Amino acid sequence: MRMNISSPAPSPLFPHPRCDPRAQLSARVKVLAARNGLTVSAIASADPFPDVAEHLDRHIEAGHVEGLDWFTSERARFSTDVRNLQSSARSILSVGIAYWPGPTEKPDDGIPRGRISRYAWGRDYHRVIKRRLKALHADLERELDRPIETRLLVDTARIVERAVAARAGLGWYGKNACLIVPGHGSWVLLGEMLLDFDLEPDKPLDRNCGRCTICIDRCPTGAIVAPYTIHTPSCISYLTIELRESIPRELRPRMGDWVYGCDVCQEVCPYTGAARAMDDEELMPASIDNAWPSLRWLLEMTQDEFGATYFGTPVPRTKRRGLARNAAVALGNIGTVDDIPVLHRALSGHDEPLVRGHTAWALGKIGGPEARRALDRGRRLEPDAGVRDEITQALEMC
Ligand code: SF4
Ligand code: SF4
């Protein structure tokens with residue numbers, strides 16, 4: 001259907017037939033967004049975000065994004081004005097896909113299993129949202145009967161997407177720094193479409209966390225150092241996904257069974273607890289290993305097995321060695337003497353020194369004579385100095 005915005009015909013798709021064409025077009029864009037599988041959408045102006053730029057500068061100066069080398073002051077300045085991306089941008093459509101699958105429990109099947117953050121259970125949401133935005137863009141061009149200049153953005157540092165979503169009233173900032181969307185909590189993946197025409201901006205929501213501090217109190221590593229402020233170098237999401245090197249020893253015991261990301265500060269939030277269950281097939285796990293993988297298997301998986309299980313999901317970002325490293329830490333936290341044989345094999349045979357080092361830590365954490373024997377043997381045979389150092393410290397833990 002092509003849209004004539006100067007003299008619209010009354011239609012169920014036009015909720016306010018008497019209002020102005022810009023409001024009608026805005027409503028129509030949201031209808032089409034929903035039809036294209038975007039659960040929520042709202043509109044913001046394309047004006048710059050000078051306050052956000054200043055906030056990000058303070059965040060950088062305080063060291064809260066150490067380790068994210070791309071997160072610089074220059075990048076912050078760039079990302080707070082969408083006209084750096086598209087000079088013709090007049091409006092921003094902020095969209096989200098809700099992905100809470102309903103109550104789920106890690107299986108209690110006697111196999112030590114890790115946890116993958118829910119957003120990474122299914123297909124890579126970057127691709128999912130981009131594809132749906134592209135379809136929406138095509139629909140809009142058909143309706144307006146003209147080419148529309150746009151940029152389609154998903155989880156990129158080139159735009160301050162939570163600030164855009166908050167300005168658009170899609171949700172509001174929680175003290176866990178997540179955007180909380182009414183009806184869906186923070187289980188919403190965001191994207192943006194820049195548009196070269198004026199739409200009617202939605203109003204920001206007048207909501208906040210009030211006196212609640214549950215997420216701050218329950219963060220396992222104390223990474224929420226103040227309301228709305230995450231100290232990235234301590235956050236389990238950073239440690240399991242972005243950090244390429246060794247995980248700081250003092251943080252390992254606090255990481256529990258997380259092997260990719262962390263959902264704790266979302267799971268404990270009362271708003272998120274009241275989220276509606278969604279059944280978006282693309283975001284559902286294809287197998288149990290996409291949600292709660294066996295830690296023993298992760299420690300020994302081949303590159304082919306890694307690819308077969310995780311290709312097309314967000315997990316390859318951490319690479320096989322990162323996931324195996326995280327599995328070693330998780331086994332140290334939740335494993336028992338039954339896991340010593342697999343840890344011993346990994347200590348003596350894993351091809352990545354990074355993994356062998358963390359395996360030594362796990363053996364030291366589980367402790368006991370069998371773990372000590374494995375570590376003694378590892379110390380005699382280990383060629384890598386860094387791993388030998390880990391083994392020495394693990395022996396002291398034993
Ligand atoms: S993701 Fe986990 S570690 Fe990071 S702030 Fe939230 S609860 Fe803390
Ligand atoms: S747990 Fe409480 S403080 Fe944290 S985001 Fe939710 S409502 Fe806000």
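A residue counts as near a molecule if its C-beta atom, placed from the backbone, lies within 6 Å of it. Before you click, note that this is a predicted model, where local features need pLDDT of at least 70, side-chain atom pairs count only at pLDDT 80 or more, and totals for chains, interfaces and linings use all residues. Residues are numbered from 1 along each chain as its sequence is written, while chains are lettered from A and ligands numbered from 1 in the order in which they are written.

**Stop one: ligand 1.** Select ligand 1 and its 13 surrounding residues; Cys219, Cys235, Cys262, Val264 and Cys265 are the closest. Helices α7 (236-242) and α8 (264-267) each give two or more residues to this shell (helices are DSSP runs of H or I, at least four residues, numbered from the N terminus). The shell has 10 nonpolar residues, three polar and no charged. Here Ala, Val, Leu, Ile, Met, Phe, Trp, Tyr, Cys and Pro are nonpolar, Asp, Glu, Lys and Arg charged, and the others, Gly among them, polar.

**Stop two: the two domains.** Colour domain 1 (1-110 + 121-234 + 263-284) and domain 2 (235-262 + 285-397), with bounds from an automatic or database domain assignment. Both give residues to the shell around ligand 1, so ligand 1 lies between them. Their C-alpha centres are 34 Å apart.

**Stop three: ligand 2.** Now select ligand 2, whose surroundings include Cys209, Cys212, Cys215 and Cys269, along with Lys175. Look for α6 (214-218) and α9 (270-273), each supplying at least two shell residues. This shell divides into eight nonpolar, three polar and one charged.
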